[in-house]
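Work through each task with the structure open before reading its solution.

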Amino acid sequence: MVQISPLSKIITLSTVLATGFLLIILSCALWNNWLPLIVVAVFCLAPAPNAICQSWAGQDDFMSESSSTVVDFGRFSTGFMVVSGLSIPVMLAHNSIINTAAMWMSLSGGLLIYATIITFGAFFYEPEEF
Amino acid sequence: MSCPEIPIWIHSESLFRIAIPGFKLPPSSLRAVGVYASGAIFSLGFYAMLDAALYSSHKNGSTVHVRFFPDWLPLLFSCIGMLVINLVEKARLQSALTGGSSFSSGEDWQAKVVLFLGFAFLAGGMASSIAVLVLKYALPGYSMPTLGMGVANVICNASVMVSCVLLWVAQNIEDEYSYSLSL
């Protein structure tokens, strides 16, 4: 396990995030068709229900039935939004609303953005001390 | 004479005689994976249907279009059924199905009726999607790109059903596990 300084972590993550946004904006601008921007919104919103539900359920000290239901709803909607971020460009390209190359660019850009958000959460996640 | 050795891959506690090696997850993360996969499958089904609707409005060569009345109604039924099934309180359902005495038996029929309604909506969505495929697309004799809209409808409702089953099973894994811990 190599120790990486937090500064280089932040620099790397921001570079990857900028690359993802660049890919998506290029996939919109090259064909003058701004529909792939939906992918940015979906992938930026994808970790939100999970985080909100877990923090909302984390107010209880014990794992009660209602809080686990709330956490499950957050997980369900996270899975829903990740797959919808992947399937919206495929769907648009299948019906030739956007170009196939734009589909590939927006897919890779969206995956880069989502991976950045996830690794950012994983890098700076500190479990609570009991 | 010594008793024969029991091989490693045979666990007497598991359901099957042979456990799959390398597939051991703690039940809490198994539950998380199940719920994530349930959301993913639901999303796949929904976008299959939306894809059929976009195909109908953008690339359609025929005069058949995806409308709300026959085409989106099965998905509506399936979603109502999934909501109802997953909103039933699990503890009351356990007491209703096993005849436990934690609630009075006068309230047990409510949980049973609500669960029956949910499953009826789910099965009705599946059945009505097949009915739409047969009556609207197959019987008039349309060929494949038009028939694909009806097939997408069936795929959509089947995946909503699979997603509901996965969610149900994943939520019951942890309950049994914590129940066996509490004993």
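**Exercise 1.** Is B:Arg31 buried or exposed, and what is its relative accessible area?

*Solution.* The model is a predicted one. The cut-off for buried is under 20% relative accessible area. B:Arg31 has a relative accessible area of 7%, so B:Arg31 is buried.

**Exercise 2.** Which residue forms a salt bridge with B:Arg31, and how far apart are the closest N and O atoms?

*Solution.* Step 1: the partner is A:Asp72, with the closest N and O atoms 2.4 Å apart. Step 2: A:Asp72 belongs to helix α4 of chain A and B:Arg31 to helix α1 (residues 27-58) of chain B, so this pair joins two chains. Step 3: A:Asp72 is also buried, at 2% relative accessibility. Step 4: the count of salt bridges between chain A and chain B is one.

**Exercise 3.** Find the network in which salt bridges share partners, and name its members.

*Solution.* Step 1: the side chain of A:Asp72 also meets that of A:Arg75 in a salt bridge, 3.7 Å from N to O. Step 2: both A:Asp72 and A:Arg75 sit in helix α4 of chain A, three residues apart, which is about one turn of the helix. Step 3: A:Arg75 counts as buried, with 16% relative accessibility. Step 4: through shared partners, A:Asp72, A:Arg75 and B:Arg31 form one network.

**Exercise 4.** How many salt bridges are there over all chains, and which residue meets B:Lys136 in one of them?

*Solution.* Step 1: the count over all chains is three. Step 2: B:Lys136 meets B:Asp71, with 2.6 Å from N to O. Step 4: B:Asp71 counts as buried, at 0% relative accessibility.

**Exercise 5.** Describe the interface of chain A and chain B by contacts, buried area and polar contacts.

*Solution.* Step 1: 19 residues of chain A are in contact with 24 residues of chain B. Step 2: the buried area is about 1,900 Å², and carbon and sulfur atoms give 65% of that area. Step 3: eight residue pairs are in polar contact across the interface. Step 4: on the side of chain A that touches chain B, helix α4 (residues 65-94) gives the most, with 15 residues. Step 5: the residues of that side of chain A comprise seven nonpolar, nine polar and three charged.

Conventions:
Residues numbered from 1 in each chain as written. Chains lettered and ligands numbered in written order. Predicted model: local features only at pLDDT ≥ 70, side-chain atom pairs only at ≥ 80, totals over all residues. Heavy atoms only, no water. Contact = heavy atoms within 4.5 Å. Buried area = accessible area lost by both parts, 1.4 Å probe. Salt bridge = Lys/Arg side-chain N within 4 Å of Asp/Glu carboxyl O. Polar contact = N/O pair within 3.5 Å; in protein donor to acceptor, adjacent residues only side chain to side chain. Helix = DSSP H or I, 4+ residues; strand = E, 2+ residues; numbered from the N terminus. Nonpolar A, V, L, I, M, F, W, Y, C, P; charged D, E, K, R; others polar. Buried < 20%, exposed > 50% of the residue type's maximum accessible area, 1.4 Å probe, protein only.
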